[in-house]
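Subject: Handing over the structure

Hi,

Here is the structure I promised to pass on to you. Please have a look at it first, and then read on for my notes.

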Amino acid sequence: MIDLNLFGPELVVLGTALMTLAFAFIARERQTIPANIAIIGLILALFLEFTSMSNSGTLFMIRIYPFTRVFNMILILGTLLLTFYSTDYFEEGPSEIYFFFLTNLLGMMLLADSVHLLLSFLAIELISFSLFVVVGIIQTPRSTEASLKFFLVGSFSSSITLMGIGLLLYSGGNLYYDRLININMTPIDILGLIFLITGLGFKVFYVPFMFWVPDVFEGVPTPITALLSSVPKAAVFALLIQLMYTGLLNLQFLWRSTFALLAILSMILGNIAALRENNLKRMMAYSSIAHAGYVLIAFAVNTPDAYSSVAFYLVNYVLLMVGAFAGISYLRDSEKYEDLYGLGTKFPLVSIFLTVIFLSLTGIPPTGGFTAKLYLFKEAVAGGRTDLALIGFLNSAISAFYYLRVPASLYMESPQNSLVNAGNKTMIMTTLWVVVIVVLYLGIFPDSLFVPIKSTFY
Amino acid sequence: MLNLIVFLPVLSSPAIPLIKSEKRVFHYTLLVTFSVFVFSLSLLKGFSVENPLFQWAQTIQWLPQLGASYHIGIDGISLLLILLTTFLTPISVLASLKSIKSNVKGFCGSLLVLETGMLGVFVSLDLLLFYFFWDLMLVPMYLIIGIWGHERRVYAAFKFILYTLLGSAILLIAIIIIRLKTGTFDLIEASQNMYLIGPNLKRVLFLAFALAFAIKVPLFPFHTWLPDAHVEAPTAGSVLLAGILLKMGVYGFLRFNFLLFPDITSNFASFFMVLGVIGIIYGALMSWVQQDLKKLIAYSSIAHLGFVILGIFTMTPWGLQGGILQMFNHGISTGALFIAAGILYERRHTYSMKNLAGVAKVMPIFSTIFGIVMLSSVGLPGLNGFVGEFLVILGTFKISKTLAFFALLGVIFAAVYLLSMFQKVVFNPAKEKYSTSDLTFREFFVFFPFLVFIFWVGVYPKPFLKLLKKPSQGIITKVTTPEVKVIPDQPEDGK
């Protein structure tokens, strides 16, 4: 007998997705109905996930245990905030978009739950297809270009991932993570690992598979940029953690050093590129590459504690990315620093929120961004990679230079023109309140979240 | 009590947006900072100068997972610096009453957060807590320089925060390594467990701490952020930057390098003494050639901080007490000098000494006070600067006569550049006639407490030195006791 309670949240998300689609067709003019359904469904899913925290079990290719629940909660929360944000942003926009938000979420949750590479691949495809649609859903010349690029890169990377999976199947004979243990250091296995790391690299965008990211980020509407930069990355990291830690341990000396190298490159190149960037969205794109680099440090260390700190890091990261883009959209939907000039006095509250968010992205106390880096790098030092931690900290110091340009534009420059986004934006404001409160709370009392997370990892 | 003092400023800042008129915001901030000052005076009452331990100490569990706790406490050194902080903050609010016109609420809010950060640094006895406050105070300072500063403010603000963040990145790594090796973030426990760390790693850690603090002081090769930040900051920013923030670097040396690495500190002492002397000479020479009043004061800070570093690294009772007292003196004299420069700027809108000339005729009262402040910075006997510098040189003389000679040279240079500055600004004939009002009552009230301290420390420094006696004795015993002697009673602690 299958225990349906186990999959409560996933089923709720699926049901909500179908309902939003139905209502998107029935009530074409009323964009708010599907949005509200999505919000209610997501809150319900989050609640279910929370209450069934200790409920774990396995079904075919799915294994649910507290650690995946933590990741699912991050993903649901991220999507919920994005939905809040989008209801204000796409007021007239396509109401189908929430359906794709939810299918994307479903794919991500399955990816976190999966213990079989085939299911993981299908989940990745579900994510990719949802994102393909979302990226191209508003048609402007720039977003068309962006969606084409995204589609080409996405399908290319999927096929590379599939190739890697195939090679592993050839030598391992089985795709369950825990049976990949049989895999040894044959050339085919190594090739499979390389393909896998490459394919997933496109999804998480670490160096050197990130060249497409800024172009796509720049071309799509801001909430979509927020979506692309936040939750899917967290989901793929969930996959990587389980795949590497349970499956490919035999090859660990190989991928640990690879990830260490990729981490260094991502941090340094991402930061340097972000430094030189004058476009806000492209800056955020490069900086999200740098963040991927920080997270990869955990893979170079490969200890349970390091992976727990990744989960903690991703909670902050997802919230901050969504919050940063939401705040900028609130002020003025723009990608130029100049357009933010002098808005600090006009919108005091949002400006303070944005300042907190960008300080947190930099990693300055008392914010969650600081504690997240502290935990992560502490595990790096504990795992014997002081060098990576040092590079990480120096890079986050450098990141102050471009992240703090946002508060600097808000406060330190005189206004350029008086055009301001008007209108009621209570939902974006809600998003910002949630993000800032959580981030400050995690900055001062990080243990209240980190300890539960840590207890869930195996 | 200590908690109240540290957190009162930040906790009272959320009320600022609720206040309607900007004038009221200033009054409110003034009220808060002044009551913090009054509260901090009450620390003196319960403080015993004979007690070598940390007083008003308190430990609350904070992050058991990481091993960090909320552990605070003060000794004589931190008490002196806390008093300096709580004293300078209301003064700098008072001094900004006229000069800060835009976004007053933001300014007062930043100032309050800044005060909490500064006080937090001086009370923390936990490495992570210390780091927490150390970085916390960067942000409001960055905003104060960047929003309310002069023309090149954004550049200066970025330079300030980047230098400090790079230093603190290294500091944080060192802190984490200490945590992993000694098993605790707690300063006192860690200092007892330092024997667990090998000598080579210890040296690296010492240098990491020293680098972060040297940037803050700033010690000679790391000083380049200071002139920019000081010159571009608004008056309140310069006062607090010179008065408190620079002291945090020295305080870091005293509290962390000396306590955690006593043996290595004494190995490196002569190196830092030489750097201190270079700072004295370099700062003096640079001040000499400045045409800009604020830049001159900024470079003179480097020279003064050179004295402080020289003094504390002599590791003699005189040198240490003199160095620490000199920190306090520098906060007073340089703070007053910056306020004087700010007052001139408000009236004449320039810092150029050529254009400022002829102040004596139009502002006699101001000129008198300015003269006293300037002389206290020179180190005239009977004023506060003399006591500190004299003790430092006395201490240095016991260690190295050459260094003492160069330090003395620095004193003479200081007299030269400060007196010539005074002549240019106050006595030189004005290029064209102008008239401006003398000090207002508010401005006089700003200066008055400075004058009290200048004469008090100059004539009767005993109460201040008494405060510093035990802590500096503690440092000297720590440094001069070979580590081997400390180890035997450790195992009971460790197990």
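Chain A of this predicted model has an average pLDDT of 86, and 97% of its residues score at least 70. Within chain A, the mean is highest in helix 4 (residues 97-113), at 91, and lowest in strand 1 (residues 57-59), at 80. For the complex, the predictor reports a pTM of 0.89 and an ipTM of 0.86.

One stretch needs some care. Over residues 484-495 of chain B, pLDDT stays under 50, and the model has five contacts for them beyond four places in sequence. Where pLDDT is low, the predicted coordinates should not be read in detail.

Now to the overall build of chain B. DSSP gives 23 helices and two strands in chain B. The C-alpha trace of chain B spans about 75 × 60 × 40 Å along its principal axes. Its radius of gyration is 22 Å, which agrees with the value near 23 Å that a compact globule of 495 residues would have. In chain B, 64% of the 495 residues count as buried. Of the contacts in chain B with a separation of 6 or more, 80% are between residues 24 or more positions apart.

As for the surface, chain B exposes about 17,400 Å², and 68% of that comes from carbon and sulfur atoms. Chain B carries 36 positive and 22 negative side chains, with the centres of the two sets 7 Å apart.

Most residues other than glycine have a negative phi, and most peptide bonds are trans. Here are the exceptions I noted:

- The peptide bond between A:Pro365 and A:Pro366 is cis, with omega about 0°; A:Pro366 sits in the loop between helix 14 (348-362) and helix 15 (368-382) of chain A.
- B:Val217 and B:Pro218 are also joined by a cis peptide bond, with omega about -10°; B:Pro218 is in the loop between helix 9 (199-216) and helix 10 (225-232) of chain B.
- A:Asn302 has a positive phi, near 60°, and lies in the loop between helix 12 (280-301) and helix 13 (304-331) of chain A. A:Asn302 counts as buried because its relative accessibility is 9%, under 20%.
- B:His349 has a positive phi of about 55° and is placed in the loop between helix 14 (317-348) and helix 15 (353-356) of chain B. With a relative accessibility of 59%, B:His349 counts as exposed.

Best wishes

Technical notes
Residues are numbered from 1 along each chain as its sequence is written. Chains are lettered from A and ligands numbered from 1 in the order in which they are written. Side-chain values use heavy atoms; hydrogens and water are left out. pLDDT is the predictor's confidence in each residue, from 0 to 100. Contact means heavy atoms within 4.5 Å. Helices (H or I, at least four residues) and strands (E, at least two) are DSSP runs, numbered from the N terminus. The radius of gyration is taken over C-alpha atoms; the globule rule is 2.2 Å times the number of residues to the power 0.38. Buried means under 20% relative accessible area, exposed over 50%, partly exposed in between (1.4 Å probe, protein chains only). Accessible areas come from the Shrake-Rupley method with a 1.4 Å probe; for residues, only the protein chains shown count as cover. Lys and Arg count as positive and Asp and Glu as negative; His and the chain ends are not counted. The place of a charge is taken as NZ of Lys, CZ of Arg, CG of Asp or CD of Glu.
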